[in-house]
Amino acid sequence: MDPASLPPDAIDEVSNGLIANQFQDSFAGTPDVVIKDGFLFGVADNLTFPDIGVAQKLNVSIHLQNSDIGTVSVAVFDPEGTEHVLHSDKLAKGTEIKTSYPNPTKQVSKDLGTWVGKNPKGQWTLKVVDS
């Protein structure tokens, strides 16, 4: 076996799981942010990611409670300024959203999967608007 043919993250495979160079990082936003009814500017929370290396998978998880999630839209802005719409108003009914995007819940627009193979370093902004 030629070591040069192995991917950079194969150490766990060749060591039978005894050594790993893959990590799962998780960063939490501000808890219990109040979402004002009818406030079209919305509320935002910023997360600044350090240099954590190249992403092999990226999910944005949210847990949101509101009197009517059919009036709520949720978007995340990546460090490049691209808006990824996660949840759009009028798409759902109920009082709670508790899921992750893009897996298992598909995004409304753009694709967070474009960050696979890139370093997610920088400021990410989650914005929620209750229209």
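Among contacts in the protein chain between residues at least 6 apart in sequence, what percentage join residues at least 24 apart? The figure is 68%, where contact means heavy atoms within 4.5 Å. This is a predicted model, in which local features need pLDDT of at least 70, side-chain atom pairs count only at pLDDT 80 or more, and totals for chains, interfaces and linings use all residues. Residues are numbered from 1 along each chain as its sequence is written, and side-chain values use heavy atoms, with hydrogens and water left out.

**Overall make-up**

- Read from the N terminus, the order of elements is α-β-β-β-β-β-β.
- Of the 131 residues in the protein chain, 29% are buried; buried means under 20% relative accessible area, exposed over 50%, and partly exposed in between (1.4 Å probe, protein chains only).
- The protein chain has an accessible surface of about 8,700 Å², and carbon and sulfur atoms account for 53% of that surface. Accessible areas come from the Shrake-Rupley method with a 1.4 Å probe, and for residues only the protein chains shown count as cover.

**The salt bridge**

- The structure contains one salt bridge, defined as a side-chain nitrogen of Lys or Arg within 4 Å of a carboxyl oxygen of Asp or Glu.
- The partners are K118 and E80, whose closest N and O atoms are 3.3 Å apart.
- K118 sits in the loop between β5 (96–101) and β6 (122–130), and E80 in the loop between β3 (72–77) and β4 (83–87), so the pair ties together parts that are 38 residues apart in sequence.
- K118 is partly exposed at 29% relative accessible area, while E80 is exposed at 54%.
- Side chains of opposite charge can pair when their charged atoms come close.

**D130**

- D130 belongs to strand β6 and is buried, its relative accessible area being 4%.
- A polar contact of 2.8 Å links the side chains of D130 and T71; the term covers a pair of N or O atoms within 3.5 Å where, within protein, one must be able to donate a hydrogen and the other to accept it, and residues adjacent in sequence count only if both atoms are side-chain atoms.
- Leaving aside residues up to four places away in sequence, D130 touches I35, K36, D37, G38, F39, N66, T71 and V72.

**D68**

- D68 is located in the loop between β2 (60–65) and β3, and is partly exposed at 33% relative accessibility.
- D68 and D89 are 21 residues apart along the chain, and their C-alpha atoms are separated by 9.4 Å.

How values were computed: Helix = DSSP H or I, 4+ residues; strand = E, 2+ residues; numbered from the N terminus.
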